[in-house]
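Work through these exercises with the structure open beside you. Try each task before you read its solution.

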Amino acid sequence: MNLLPNYLANGICLNVLANSVQNAKDCYEAAEGHVVLGVLTKNYPSDEAAIADMKLYQAEIDNAVSVGLGAGDPKQSGMVTRVSKEIQPQHVNQVFTGVGATREALGQNETIINGLVSPTGKVGLVNLATGPLSSQAAPTEVPIETAIALLKDMGGSSIKFFPMKGLAHVEEFKEVARACAANDFDLEPTGGIDLENFETIVKIAVDAGVKRIIPHVYSSIIDKETGDTRPEDVAKLYEIIKKF
């Protein structure tokens with residue numbers, strides 16, 4: 001079972017949500033396997049239910065599972081750690097303070113674990129206070145280089161920059177991308193990304209020299225009637241990432 005996402009040769013892999021095993025299969029095929037499918041712990045009543053269901057996903061999409069929080073919900077941090085330990089997925093979404101526990105629980109260094117940091121409105125500074133308790137306290141603003149170093153200390157793989165609100169924080173994002181490239185760290189832009197701004201956002205990270213990029217495209221490509229991620233939109237995103 002492969003523990004690393006199936007990046008393109010250019011180091012880019014998509015991250016979209018899956019509403020069912022069939023939806024995951026359809027999206028996986030639309031991206032020719034260069035995608036991780038987000039399954040949210042928030043949608044399950046218990047660890048056991050999440051683990052049982054995610055194992056069904058794993059079997060059908062070659063372990064291209066991204067264990068999710070659910071809109072960055074810090075209250076899901078512990079469940080993400082426990083579920084990830086059993087699942088051993090290719091990708092884990094985690095709040096900043098949950099990264100170390102998740103890496104320890106996984107017991108290996110291959111699975112990609114992102115650490116959620118938020119924009120501050122100040123170029124070069126990010127907010128680390130994204131955990132269950134810290135998110136309720138005053139923001140902790142630190143230089144992006146320090147955030148990267150702390151994540152490396154904890155066994156993290158990448159910066160999850162969320163919520164980006166599309167291009168609302170573009171100057172901050174450019175600096176985050178520069179720092180990730182300079183410090184050989186992965187980057188995951190998240191929040192408000194759609195078919196219109198996707199290429200611009202990915203290009204910023206590519207132009208900065210980031211080696212591995214996992215852009216998250218969620219609600220903008222979900223069918224409101226069915227709740228499914230539209231495979232045809234995943235195919236469009238896939239055509240864009242192949243350009244780079």
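Helices (H or I, at least four residues) are DSSP runs, numbered from the N terminus. The model is predicted.

**Exercise 1.** Describe how helix H3 packs on helix H4.

Solution. Step 1: two packed helices are described by the angle between their axes and the distance between the axes. Step 2: the axes of H3 (residues 77-87) and H4 (residues 99-106) come within 8 Å and cross at roughly 20 degrees. Step 3: angles under 35 degrees count as roughly parallel. That makes H3 roughly parallel to H4. Step 4: the crossing of H3 past H4 is right-handed. Step 5: H3 supplies Thr81, Ser84 and Lys85 to the contact, and H4 supplies Ala101, Thr102, Ala105 and Leu106. Step 6: sort the residues of this contact of H3 with H4. Three are nonpolar, three polar and one charged.

**Exercise 2.** Repeat the analysis for helix H5 and helix H6.

Solution. Step 1: the axes of H5 (residues 144-154) and H6 (residues 170-182) come within 9 Å. They cross at roughly 45 degrees. Step 2: that angle makes H5 oblique to H6. Step 3: H5 passes H6 in a right-handed crossing. Step 4: on H5 the contact uses Ile144, Glu145 and Ile148, and on H6 it uses Glu175, Val176, Arg178, Ala179 and Cys180. Step 5: the residues of the contact of H5 with H6 include five nonpolar and three charged, with no polar ones.

**Exercise 3.** Find the aromatic pair and classify its geometry.

Solution. Step 1: the structure holds one aromatic pair. Step 2: the ring centres of Phe161 and Phe173 are 6.3 Å apart, and the planes are at 20 degrees. Step 3: planes under 30 degrees apart count as stacked. The pair of Phe161 and Phe173 is therefore stacked. Step 4: Phe161 lies in strand E8 (residues 158-161) and Phe173 in helix H6, 12 residues apart, and the pair links distant parts of the chain. Step 5: check burial. Phe161 is buried, at 0% relative accessible area. Phe173 is also buried, at 0%.

**Exercise 4.** Locate a cis peptide bond and two positive phi values.

Solution. Step 1: most residues other than glycine have a negative phi, and most peptide bonds are trans. Step 2: Phe162 and Pro163 are joined by a cis peptide bond, with omega about 0 degrees. Pro163 lies in the loop between E8 and H6. Step 3: Ala71 has a positive phi, near 55 degrees. Ala71 is in the loop between strand E3 (65-68) and H3. Its relative accessibility is 68%, so Ala71 counts as exposed. Step 4: Asp184 has a positive phi, near 50 degrees. Asp184 is in the loop between H6 and strand E9 (186-189).

Key. Residues numbered from 1 in each chain as written. Predicted model: local features only at pLDDT ≥ 70, side-chain atom pairs only at ≥ 80, totals over all residues. Heavy atoms only, no water. Axes fitted to C-alpha atoms, helices over the stretch in contact; angles between N-to-C directions. Helix = DSSP H or I, 4+ residues; strand = E, 2+ residues; numbered from the N terminus. Parallel < 35°, antiparallel > 145°, perpendicular 65-115°, else oblique. Left-handed = near helix turned anticlockwise from the far one by under 90°. Contact = heavy atoms within 4.5 Å. Nonpolar A, V, L, I, M, F, W, Y, C, P; charged D, E, K, R; others polar. Phe/Tyr/Trp six-rings, centres within 6.5 Å; stacked < 30°, edge-to-face > 60°. Buried < 20%, exposed > 50% of the residue type's maximum accessible area, 1.4 Å probe, protein only.
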